[in-house]
Amino acid sequence: MQDFLVAQIVDEMTEFLMTDNGLDIAEALDIIYNSETYAKLQDIETGIYTQSPSYVYELLSKEYHTGMLQPC
């Protein structure tokens, strides 16, 4: 179940990144898969995978623009 939820969140975050930042799909996925946000998303202990894609994208967006992961 966690893998399914993570995949859905990644799909939506990819779309958000592409729309908000004018990135292509490869650039967006590179940002996601190399982010601290993605690492936290995959960590079952954080429970972030149960949050909405918009919420997780806000974390990713802040990390992308500041270079730092924001506290959950």
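# Helix packing in a predicted model

Trainee: At the start of α2, which residue has a side-chain oxygen that reaches to within 3.1 Å of the backbone nitrogen of A26?

Mentor: This is a predicted model. The residue is found in the loop between α1 (2–21) and α2 (25–33). At the start of α2, its side-chain oxygen comes to within 3.1 Å of the backbone nitrogen of A26. The residue is D24.

Trainee: Is D24 buried, partly exposed or exposed?

Mentor: The relative accessible area of D24 is 40%. Buried means under 20% and exposed means over 50%. With a value in between, D24 is partly exposed.

Trainee: Which residues of α2 are buried, and how wide an arc do they cover around the axis?

Mentor: In α2 the buried residues are A28, I31 and I32. An α-helix has 3.6 residues a turn, so residues three or four places apart point the same way.

Trainee: What covers the buried residues of α2, and which residues does I32 touch?

Mentor: The cover over the buried residues of α2 includes α1, α3 and α4. Not counting residues up to four places away in sequence, I32 touches V10, M13, T14, L17, Y38 and L60.

Trainee: In the largest nonpolar core, which residues touch the most other members?

Mentor: In soluble globular proteins, nonpolar side chains tend to be buried together. The largest nonpolar core here has 17 residues. Those touching the most other members are M13, L17, I32, L41 and L60.

Trainee: Where does the largest share of this core come from?

Mentor: At least two residues of this core are supplied by each of α1, α2, α3 (36–42) and α4. The largest share is 5 residues, and the helix that supplies it is α1.

Trainee: How many aromatic pairs are found in the whole structure, and at what angle between the planes do F16 and Y57 pair?

Mentor: A search of the whole structure finds 2 aromatic pairs. F16 and Y57 form a tilted pair, 5.0 Å centre to centre, and the angle between the planes is 55 degrees.

Trainee: How many residues apart in sequence are the parts that this pair ties together?

Mentor: F16 lies in helix α1, and Y57 in helix α4 (residues 53–66). F16 is partly exposed at 26% relative accessible area, whereas Y57 is buried at 6%. The pair thus ties together parts whose separation in sequence is 41 residues.

Trainee: What kind of aromatic pair do Y33 and Y38 form?

Mentor: Their rings are 4.9 Å apart, centre to centre. Planes over 60 degrees apart count as edge-to-face. The planes of Y33 and Y38 are 80 degrees apart, so the pair is edge-to-face.

Trainee: How far apart are the end C-alpha atoms of α4, and what span should its 14 residues have?

Mentor: The end C-alpha atoms of α4 are 20 Å apart. At 1.5 Å a residue, its 14 residues should span a distance that agrees with this, namely 20 Å.

Trainee: Which residues of α4 are buried, and what covers them?

Mentor: Buried in α4 are P53, V56, Y57, L59, L60, S61 and E63. Their cover includes α1, α2 and α3.

Trainee: Which residue follows α4, and what is its phi?

Mentor: α4 is followed by G67. The phi of G67 is positive, near 80 degrees.

Methods:
Residues are numbered from 1 along each chain as its sequence is written. This is a predicted model: local features need pLDDT of at least 70, side-chain atom pairs count only at pLDDT 80 or more; totals for chains, interfaces and linings use all residues. Side-chain values use heavy atoms; hydrogens and water are left out. Helices (H or I, at least four residues) and strands (E, at least two) are DSSP runs, numbered from the N terminus. Buried means under 20% relative accessible area, exposed over 50%, partly exposed in between (1.4 Å probe, protein chains only). Rings of Phe, Tyr and Trp (its six-membered ring) pair if their centres lie within 6.5 Å; planes under 30 degrees apart count as stacked, over 60 as edge-to-face and the rest as tilted. A nonpolar core is a set of buried Ala, Val, Leu, Ile, Met, Phe, Trp, Tyr and Cys residues joined through side-chain atoms within 4.5 Å. Contact means heavy atoms within 4.5 Å. The expected span of a helix is 1.5 Å times one less than its number of residues. A polar contact is a pair of N or O atoms within 3.5 Å; within protein, one must be able to donate a hydrogen and the other to accept it, and residues adjacent in sequence count only if both atoms are side-chain atoms.
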